[in-house]
Amino acid sequence: MNIHEYQGKEILKSFGVSIQEGIVASTPEQAVEAAKDLQAQTGTGWWVVKAQIHAGGRGKGGGVKLAKSLEEVKEKAEEILGMTLVTHQTGPEGKVVHKVLIAQDVYYPGETDTSEFYMSVLLNRQTGRNIIMYSTEGGMDIEEVADKTPELIFKEEVEPGIGLQAFQARKIAFNLGLSGKAFKEMTKFVTALYNAYVGTDSSMFEINPVLKTSDNLILAVDSKVNLDDNALFRHKDYEAMRDLNEEDPAETEASKSNLNFVKLDGNVGCMVNGAGLAMATMDIIKLSGGEPANFLDVGGGANAETVEAGLKIILNDPNVKAILINIFGGIVRCDRVAQGVVEAYKKIGEINIPIIVRLQGTNAEGGKKIIDESGLKVFSAITLKEASDLVQEIMA
Ligand code: GDP
Ligand code: MN
């Protein structure tokens with residue numbers, strides 16, 4: 001699960017990571033109130049208005065603006081709230097901004113003695129260890145740094161059973177060219193950041209930029225956090241951080257029915273039980289000249305309700321020109337699935353696209369019979385070859 005910058009910063013702060021302070025707002029009026037409160041708390045006289053969307057590159061896309069007065073806070077918040085922000089991570093359609101973070105300006109007017117670093121903590125699946133990646137070249141062009149000068153990105157591996165060692169934190173601060181107070185602050189920062197990553201069961205924490213201020217504080221100015229879905233049950237309080245605005249509505253709908261659904265751009269919808277079979281089915285669709293419109297695994301215990309929920313989600317996609325249902329009757333019986341398809345079809349009504357149902361396994365023949373006798377625009381197949389021939393015929 002991804003969360004917003006402001007939520008990531010709240011988590012960081014709770015683990016003792018120093019952050020650029022801020023208050024979130026949903027209207028320009030709230031933004032001004034937030035700016036006043038922040039001034040009272042931190043003494044700041046300048047603010048940054050930051051669009052809260054689940055994508056990076058906001059600065060370059062016009063979603064991060066400096067405001068030098070309360071009037072400017074209002075103006076910038078008006079500009080940014082409601083805008084469709086397009087960045088290199090949103091895709092061309094962009095994302096609508098529903099919230100802004102009003103943050104204290106930590107670059108301070110006129111000060112030049114600041115440095116922007118890059119730092120992230122993630123899992124190295126090859127070695128089974130956590131890895132801290134960091135660079136002196138932080139800021140908005142980190143992708144270019146990784147691309148053109150990868151030697152400027154350092155890596156520190158951490159054995160998860162032992163945790164981050166003090167010497168490793170010092171090595172990182174040293175490699176970032178720090179000394180004195182900033183050096184000490186950086187070792188504290190890295191340690192707290194690592195603790196936040198481990199303590200939240202996250203799969204990634206990325207802070208870009210990590211700022212060294214002119215008075216030698218080390219602050220998280222941005223945060224990109226990915227909480228591991230498989231560990232969310234251990235962190236019930238993070239559930240409230242989920243923002244459905246940021247998720248594909250079809251995927252949200254699917255998760256309500258416990259369906260594993262990923263939306264794709266093709267024209268042949270598919271509904272399959274088992275992830276492996278779903279992958280194989282998508283290959284079959286491609287080999288038959290179609291493009292999969294989605295990945296959908298209805299799970300082992302598919303019944304009439306799950307089939308109906310799955311069909312509805314697929315049918316909502318206007319690109320879908322045909323649907324291939326590929327079910328292996330192991331635990332579930334094929335005649336039950338066939339019955340489910342027919343019932344769902346009748347319930348939904350007005351389905352104008354062909355549905356190919358391939359049932360194999362327990363009671364496959366019985367299932368085929370139910371489909372064939374239903375009188376609906378449903379084509380049945382038993383072998384994969386028959387199914388793919390049908391898709392080919394329909395797509396031709
Ligand atoms: P991103 O573009 O989505 O990664 O958003 P960031 O939170 O990283 O902000 C983008 C850029 O805005 C940063 O790289 C900074 O250069 C700039 N920025 C962020 N906070 C401040 C601030 O307090 N003062 C000033 N002057 N610039 C800031
Ligand atoms: Mn950033």
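1. An oxygen atom of ligand 1 sits 2.7 Å from a polar backbone atom of Gly59. A polar contact here is a pair of N or O atoms within 3.5 Å; within protein, one must be able to donate a hydrogen and the other to accept it, and residues adjacent in sequence count only if both atoms are side-chain atoms. This is a predicted model: local features need pLDDT of at least 70, side-chain atom pairs count only at pLDDT 80 or more, and totals for chains, interfaces and linings use all residues. Residues are numbered from 1 along each chain as its sequence is written, chains are lettered from A and ligands numbered from 1 in the order in which they are written, and side-chain values use heavy atoms, with hydrogens and water left out.

2. For Glu116, a side-chain N or O atom is 2.9 Å from an oxygen atom of ligand 1. For Gln20, the corresponding distance is 3.0 Å.

3. How much of ligand 1 does the protein bury? Taken alone, the ligand exposes 570 Å², and 86% of that is buried by the protein. These areas come from the Shrake-Rupley method with a 1.4 Å probe; for residues, only the protein chains shown count as cover.

4. The shell around ligand 1 holds 18 residues, the closest being Lys50, Arg58, Gly59, Asp105 and Glu116. Membership requires a heavy atom within 4 Å of the ligand. Seven shell residues are nonpolar, six polar and five charged. Nonpolar covers Ala, Val, Leu, Ile, Met, Phe, Trp, Tyr, Cys and Pro; charged covers Asp, Glu, Lys and Arg; the others, Gly among them, are polar.

5. Ligand 1 lies between domain 1 (1–18 + 109–246) and domain 2 (21–105), because both give residues to its shell. The domain bounds come from an automatic or database domain assignment.

6. Ser214 is in the loop between strand 10 and strand 11 (218–220). Strands (E, at least two residues) and helices (H or I, at least four) are DSSP runs, numbered from the N terminus. Ser214 has 18% relative accessibility, so it counts as buried. Buried means under 20% relative accessible area, exposed over 50%, partly exposed in between (1.4 Å probe, protein chains only). Beyond four places in sequence, Ser214 contacts Tyr108, Glu111, Asp113 and Thr114; contact means heavy atoms within 4.5 Å.

7. Asn175 belongs to helix 5 (residues 166–175). At 26% relative accessibility, Asn175 is partly exposed. Leaving out residues up to four places away in sequence, Asn175 touches Tyr134, Thr136 and Phe154.

8. Val198 is in helix 6 (residues 180–199). Val198 is partly exposed, at 43%.
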